[in-house]
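Subject: Structure for your review

Dear colleague,

I am passing on the structure below, together with some notes on what was found in it. Please read the notes with the coordinates open beside them.

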Amino acid sequence: MSKPRKRFRKLDGILLLDKPRGLSSNQALQRVRHLFEADKAGHTGSLDPLATGLLPVCFGEATKIAGGLLGARKAYDTVARLGIVTDTDDAEGQPLRERPVPALAIDDIDAALRKFVGRIRQRPPVYSALKRGGEPLYAKARRGETIEVEERSIDVHAFELQSAADLLDGGEPLLRLHVECGSGTYVRSLVRDLGEALGCGAHVAELRRLWVDPFREPKMWTIEALQELAGRGGQHALDACLLPIESGMVAWPEVVVAPAQAARLGRGQAVAQVQGPAGEVAILDHHGRALGLGQLDAGFSLRPKRMFSWACAGPETAAANG
């Protein structure tokens, strides 16, 4: 007999997942989605299978703000292995070149790191999820296609040496580094280019994402911890791990609307005389509950962009929630 089909439920909120090494971001997402039995989920920025650390997972209506979180500032700790260049720019790939590591002083390393701080140009890895012709570049690379990847501008806020003890003590040629960067930055590319600047090449041996704005001090949950919670307390215990949607919306300026305005916005209609800065804004009712995202123009007219389901349930519901 076939197993009964799992029934998924409507669930809204944000989970700060500690992604394990060895899983793709989508594999990790699907595991927690099935664990929570959520009918809709998405993550806010891929981590490579080699990488661990913070992967915010948005359930239900929270997926409507995932695009804003994709562009958030992020921080990583990484270990660079000097002397070997791989085809993926990390330890998962095949070695392409091996060169001797020159004698390096801390000042040499710091000077090289400073070249990669600020607004810089970067060439993403060939093995990446960037798409060309609707297909990820890694799929083309695996077929052996020759791929030219264009450089693009990125922001690197910090690229700092934490330790070179392994290298300086005559052990493995490893550098332990800290990175803070903006959207679209590949740490693998930073490490690859740092290796070239040091004259020996390099690849990422370890990578861990520490935080993603606005979650600067995240309480992360491992898959194992979530499974244990589910076994002890079921769905109620799991749901207690979720953050409210509002926790992910602090980067947007807030505007507060009255119940009648909330009802109009929920019907897809613009409202006038809303005070706030021009641009994309978070719309809240006067209880502080998020209703969605909108666009406020200089004339204080607010248009709905991505409203949450409870704001779109009809004027009576919208007014009650307001």
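I begin with helix α3, whose buried residues are covered by parts that include β10, α5 (165-168), β11 (174-181) and α6 (187-197); contact here means heavy atoms within 4.5 Å, and helices (H or I, at least four residues) and strands (E, at least two) are DSSP runs numbered from the N terminus. This is a predicted model, in which local features need pLDDT of at least 70 and side-chain atom pairs count only at pLDDT 80 or more, while totals for chains, interfaces and linings use all residues. Residues are numbered from 1 along each chain as its sequence is written, and side-chain values use heavy atoms, with hydrogens and water left out.

The buried residues of α3 (residues 106-114) are Ile109, Ala112 and Leu113, where buried means under 20% relative accessible area, exposed over 50%, and partly exposed in between, with a 1.4 Å probe and protein chains only. Viewed along the axis of α3, these buried residues fall within an arc of 100°, so they line one face of the helix; the arc is that of the directions from the helix axis to the C-beta atoms. Asp107 and Arg114, which are exposed, sit on the face of α3 turned away from its buried side.

Turning to charged pairs, side chains of opposite charge can pair when their charged atoms come close. The count comes to 19 salt bridges, each being a side-chain nitrogen of Lys or Arg within 4 Å of a carboxyl oxygen of Asp or Glu. One of them joins Arg121 to Glu151, with the closest N and O atoms 3.9 Å apart; since Arg121 lies in strand β7 (residues 118-122) and Glu151 in the loop between α4 (137-142) and β10 (152-163), the pair ties together parts that are 30 residues apart in sequence. Glu151 is partly exposed, at 37% relative accessibility.

Asp213 and Arg216 also form a salt bridge, at 2.5 Å from N to O, and both are partly exposed, Asp213 at 21% and Arg216 at 41%. Elsewhere, salt bridges that share partners join Asp89, Arg192 and Asp193 into one network.

Finally, the cysteines: the count is zero disulfides, a disulfide being a pair of cysteine sulfur atoms within 2.5 Å. Cys181 is buried, with a relative accessible area of 1%, and Cys241 is buried at 7%.
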